[in-house]
Structure formats: C-alpha cells, structure tokens
Amino acid sequence: MNDLLPMIGHVIDPFCGPVGVFTLLAGKGLLSCGDTGWGDEIASGVFVTASLAIVTLPVGLALGFLVALGKRSEDSYARMAANIYTTIFRGLPELLTLFIVYYGLQILIQTGLSALGYDGRIEINAFFAGMIALSVVFSAYCSEVLLSAFQAIPRGQYEAGAALGIRSGKTMVLVIIPQLIRIALPGLGNLWMSLLKDTALVSVVGLSDILRETGVAAKSTKEPFLFYGIACLLFLILAIISSVFFSRIEVWARRSEAAR
Amino acid sequence: MSHVDTLLPPQPAPPAVAQPITGTRLVGMGFVLLWVLLLGGMALMMFNNWDWEKFAKYGPRYISGLQVTLGLVAVSIIGGAIISFPLAFARMSKSRILSGIAYVYVYLFRGTPLLAQVFLIYYGLGSFRPQLESVGLWWFFKDAWNCAVFAFALNTAAYQAEILRGAIESVPRGQREAAISLGINKRISFWKIIMPQALIVALRPYGNEIILMVKASAIVAIVTVYDLMGETKYAFSRTFDYQTYLWAAIFYLVIVEILRNLWNVLEARLTRHLKR
C-alpha cells in the first residue's frame with residue numbers, strides 16, 4: 001500500500017509520468033525529466049504554485065467574509081476596523097505586502113522568542129509567509145466582492161427567515177450564503193485568477209515555484225527566452241484550467257435558474 | 001373656541017439613547033484596538049529607531065525612486081492607451097481573424113503574471129542580441145527601465161483594450177442610429193457622440209487600472225530598476241532596518257489614496273449632468 005500511492009501518482013503525473021508532456025515531447029533535451037533536464041524541477045514548481053494558490057483560497061475567503069461582515073455591520077467600530085483593513089491592503093503593492101509580512105513575522109517571532117530567552121536566528125518559511133501575504137491581499141479584495149453581493153440580496157430574505165422563526169446565524173447559513181455564493185462567483189473567479197498570478201511574486205523571497213525554477217534553469221542553461229516562455233505558458237495553462245473549472249461551477253450554481 | 005395662551009419653555013434635547021454593548025460592538029472595539037496597537041507600535045518603532053544620518057542618506061534616494069515610479073507608470077499608461085485603441089477596435093471588428101488575434105493578445109497578457117512577462121522581455125530578449133543589434137533596437141532593450149516600460153505598456157494595453165471595448169459597447173445602439181438618421185458622418189458621430197458617453201463609463205475602470213499599475217510597478221525593483229521599491233530594497237540591504245519598508249508603505253498608500261480621491265472628485269465633476 002505504501003508503494004502503491006507514489007506509483008499511482010507517478011503514472012498519472014501530467015509532466016514526468018509515462019504519458020507526461022515532458023516525457024513525450026522533450027526526449028533527452030533540456031526539458032527531459034531526471035538529472036540531465038529541467039523537466040522534473042519545473043514540474044515540482046507547478047505543484048508548488050498550484051498548492052500555494054489552493055491553500056491560500058480558503059484562508060482568504062474566510063478572512064474576506066469576516067471583513068465583509070464587519071463592513072456591513074451596524075456598529076461603527078467594526079466598520080472602521082474593516083475599512084482600515086481594506087484601505088491598507090488594497091493600497092499596498094503585493095510585493096511590498098509580501099516583504100512586510102516576511103520580515104515583519106520574522107521580527108515578531110524573534111522578539112517573542114528572545115523575550116522567552118531564546119537567541120537563535122529565525123528564518124520563516126517562504127511558503128507560509130507567501131500564504132499569509134496573499135490571503136491578506138485576497139481577503140481585502142474578496143470583502144469588496146462579497147459586500148456588493150450582500151447588497152444584491154433583498155432585505156426580505158432576512159425578514160422571511162425571521163418570520164419563519166429561523167435564528168439569525170442559521171438564516172445566514174441556510175438562506176443568505178447560498179444566494180451570496182451565486183452572486184459573488186464571477187467576481188471571485190476574477191480574484192482567483194489574480195491570486196494565481198500573484199503567486200509568482202513569492203518566488204522573490206525564495207519559494208521554488210514555477211518562476212523560480214524556470215529562472216534557475218534559464219540562468220544555468222543560458223536559454224532565458226525558452227524557459228521564461230515556458231513559465232508564461234504554464235501560468236496560462238493553469239489559468240485556462242481554472243476558467244474551465246469556474247464556468248462549470250457557475251453552471252452548477254445556476255442550475256435552479258436554468259429550468260425556467 | 002380655545003387657543004394657546006401659554007408658551008412651553010424651551011426644553012433640553014432628549015437624552016442620547018445609550019448604545020448597548022453588544023457582542024459585535026466588543027469585537028469591533030477589539031479590532032480597532034488591535035489596529036491602534038499595531039500601527040502605534042510601528043510608529044513607535046520608527047520613532048525610537050529614528051536616525052538623522054539614515055534620513056539624510058536615504059531620504060533623497062526615496063524621492064528619486066518616487067519620481068522613477070511615477071514616470072514609469074505615466075509612460076506605460078500612456079503607451080498602453082495608444083496601443084489599446086487599435087486593439088479594442090480589432091476586438092470589436094467583424095473580421096474573425098482580426099478579433100481572434102486581438103482576443104489571443106488580450107488573453108495572453110491577462111493570463112500570465114506581469115513578473116513573468118517582464119522577465120521574458122528583459123532576460124529573454126537578451127538571447128536575441130545579434131538579431132536585435134542588426135535591426136538597431138538593441139540600445140532600447142539593453143536598459144532595464146525601457147524593458148519594464150515596454151512590458152508594462154503591452155500588459156496594460158490588454159486591460160485597457162477590454163475597458164475601452166466594454167465602454168464603447170455599453171453605449172446604446174440608438175445613439176448611433178440617431179446620429180445616422182441626423183446625417184452625421186461616422187467619424188464625427190464616433191468622436192462627438194459615442195466616445196464622450198463611453199469615456200464616462202470607462203472613467204472608474206481607468207482609475208482602477210492606474211492604481212493597479214502603480215502597485216504593479218513595484219516589481220521592476222526585481223529587474224534592477226531603482227524605483228521606490230528598488231530604493232527601499234537598497235536601503236534595507238544596507239541597514240537591515242525594517243522601517244525602510246514601512247516608509248515605502250506610507251509612500252504607496254499616500255499615492256494610491258491621492259489617486260482614489262482625485263478620481264472620486266473627477267467622477268463627481270464629470271457626471272454632474274447625470275445627477276438628479
């Protein structure tokens with residue numbers, strides 16, 4: 001059983017498996033898999049990019065939902081806190097947010113640990129810092145999308161929930177959120193696309209994503225046009241896959257409207 | 001018949017209704033407090049680690065970096081606007097080849113990260129040096145600033161073309177038909193009737209695009225252009241002082257807020273005839 005899973009993984013690997021792109025097309029060239037080519041390194045970069053984006057999405061969505069709730073709350077303090085959040089993180093360049101999170105977390109953890117009496121150097125994980133920075137940026141934009149979706153839901157929905165004796169928390173989950181998702185999906189799809197593109201920035205703090213791996217390959221083979229072209233192509237393929245996926249979700253979310 | 005014969009003396013205003021302290025209010029206060037602590041802590045850190053020597057050394061560099069950033073954004077937005085016009089018309093054209101080419105262009109530039117595009121142009125075109133030298137374009141592409149502007153202009157052209165197309169298509173058909181029935185020729189009806197209405201629709205997306213461009217311009221620091229971000233990275237690599245990044249953050253926030261408010265004023269001014 002322990003051998004089986006990696007084997008299955010190898011067989012269905014779209015890059016270096018028996019029917020992978022690099023195995024079929026690259027032959028023994030620069031892009032072949034194994035020690036002589038860069039195929040396997042680039043393939044691992046694709047997985048890092050995709051997993052960073054996929055891990056960031058739920059965190060960003062949850063944060064964004066909370067911020068949107070804060071923005072439409074009746075309490076002025078909650079609105080103020082949420083507005084400061086979006087003003088800051090929509091105004092800062094993503095790269096700067098990344099640096100601030102990367103070095104800021106390092107300083108925070110360092111001071112925290114030295115207060116406890118530990119004096120070693122701390123290097124935080126680029127993947128983790130990237131995830132935090134990207135989900136913060138994603139949530140700031142996401143809160144705007146969700147806020148406008150909230151405004152599209154008529155008051156009557158809440159009132160009907162109250163009239164049926166459903167508690168407000170349950171009204172939110174059972175009545176509002178299903179409609180909210182349907183309205184917000186196109187906006188969230190756009191945000192997902194820009195999230196996917198923003199992951200490229202995390203290569204700057206040393207995460208081995210697509211751009212980093214192709215960059216290393218470009219430097220050592222002196223073939224920058226080929227490798228950066230491949231990087232663009234891979235991002236494009238990820239974008240195409242996700243737009244197909246999103247249009248399917250949209251069809252699924254609108255299945256109740258289609259009958260009429 | 002009765003009438004009023006005494007006037008009520010002036011009454012004090014009714015007492016303010018005390019706002020009950022609810023869960024949301026506590027949470028909201030907690031978050032505001034968190035922000036105050038966080039921003040206050042950063043301000044305190046800047047104040048405590050303040051160093052006049054560093055200020056004198058890196059302050060002017062920040063200002064020159066700011067000029068580079070603003071220049072870069074201005075040139076690429078204008079360049080992109082010029083490229084976006086033929087692109088938007090190609091996208092709207094009836095010829096399937098033209099609209100297909102424009103669609104592929106827009107998809108390519110919107111589907112890949114700007115950073116990868118800048119790398120492709122700055123490092124990638126370096127391998128075509130002999131060919132570029134023979135055409136006499138090498139002087140342009142050997143400079144990082146030029147490459148960045150080139151990549152940015154091509155990128156923003158794709159986005160601006162979509163903005164322009166959406167805006168032109170949002171003008172109702174009847175406007176064009178009315179112009180034809182009044183015997184106004186096509187060129188004049190486009191510039192005097194369609195475009196003024198389209199640009200009002202496009203105003204807000206254009207503002208967002210400029211703000212996005214200001215933010216995206218930070219990545220040129222990676223290809224060795226000393227813009228605001230580049231100077232920040234330089235100062236950080238020399239001093240290892242975290243507040244260098246906080247200064248950059250303040251600069252960027254101020255630019256973005258100025259642009260945002262400017263756009264609000266502009267929009268209020270330009271759409272005042274539409275208000276009822």
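**Entry 1: helix 8 of chain A**

I began with helix 8 of chain A, residues 168–198, and compared its span with that of a straight helix. Its 31 residues would reach 45 Å at 1.5 Å a residue if the helix were straight, but I find the end C-alpha atoms only 37 Å apart. I note here that the model is predicted.

Where does helix 8 of chain A bend? I place the bend at A:Leu185, with an angle of about 55 degrees. A proline, A:Pro186, follows within four residues.

**Entry 2: chain A as a whole**

I stepped back to the chain. I count 11 helices and 0 strands in chain A. Of its 260 residues, 35% count as buried. I also looked up the contacts in chain A with a separation of 6 or more: 66% of them are between residues 24 or more positions apart.

**Entry 3: helix 9 of chain B**

I made the span check on helix 9 of chain B, residues 186–216. This helix spans only 38 Å between its end C-alpha atoms, whereas a straight helix of 31 residues would span 45 Å at 1.5 Å a residue. I locate a bend of about 45 degrees at B:Ala202, and the proline B:Pro205 follows within four residues.

I find B:Ala198, B:Ala202, B:Glu209, B:Met213, B:Val214, B:Lys215 and B:Ala216 buried in helix 9 of chain B. What do the buried residues of this helix pack against? From chain B I noted helix 2 (52–92), helix 4, helix 7 (144–170) and helix 11 (243–270); helix 5 of chain A joins them.

**Entry 4: where chain A touches chain B**

I turned to the interface. I count 36 residues of chain A in contact with 34 residues of chain B. On the chain A side, the elements that give two or more residues are helix 4 (76–91), helix 5 (94–115), helix 9 (210–221) and helix 10 (224–253). Helix 10 of chain A gives the most, with 9 residues. By residue class I find this side of chain A made up of 27 nonpolar, 5 polar and 4 charged residues.

I looked at helix 4 of chain A against helix 1 of chain B, residues 23–48. Their axes are 7 Å apart and the packing angle is about 40 degrees. Is the crossing left-handed or right-handed? I record the crossing of these two helices as left-handed.

From helix 4 of chain A, the residues in this contact are A:Tyr77, A:Ala78, A:Met80, A:Ala81 and A:Ile84. In helix 1 of chain B they meet B:Thr24, B:Arg25, B:Val27, B:Gly28, B:Met29, B:Phe31, B:Val32 and B:Trp35. I sorted the residues of this contact into 10 nonpolar, 2 polar and 1 charged.

**Entry 5: B:Leu115**

Why does B:Leu115 count as buried? I find 25 other C-beta atoms within 10 Å of B:Leu115, and a residue is buried at 20 or more, so B:Leu115 counts as buried.

Leaving out residues up to four places away in sequence, I see B:Leu115 touch A:Ala200, A:Leu201 and A:Leu211 of chain A, along with B:Ile219 and B:Ile222 of chain B. I also looked up B:Val220: this residue and B:Leu115 are 105 residues apart in sequence, yet 8.2 Å apart in space, C-alpha to C-alpha.

How values were computed:
Residues are numbered from 1 along each chain as its sequence is written. Chains are lettered from A and ligands numbered from 1 in the order in which they are written. This is a predicted model: local features need pLDDT of at least 70, side-chain atom pairs count only at pLDDT 80 or more; totals for chains, interfaces and linings use all residues. Two residues are in contact if their C-beta atoms, placed from the backbone, lie within 7 Å. Ala, Val, Leu, Ile, Met, Phe, Trp, Tyr, Cys and Pro count as nonpolar, Asp, Glu, Lys and Arg as charged, and the others, Gly among them, as polar. The expected span of a helix is 1.5 Å times one less than its number of residues. The bend at a residue is the angle between axes fitted to the seven residues ending there and the seven starting there. A residue is buried if 20 or more other C-beta atoms lie within 10 Å of its own, exposed if 12 or fewer, and partly exposed in between; C-beta atoms are placed from the backbone. Axes are lines fitted to C-alpha atoms, for helices over the stretch in contact, and angles run from 0 to 180 degrees between N-to-C directions. A crossing is left-handed if the near helix is turned anticlockwise from the far one by less than a right angle, and right-handed if clockwise.
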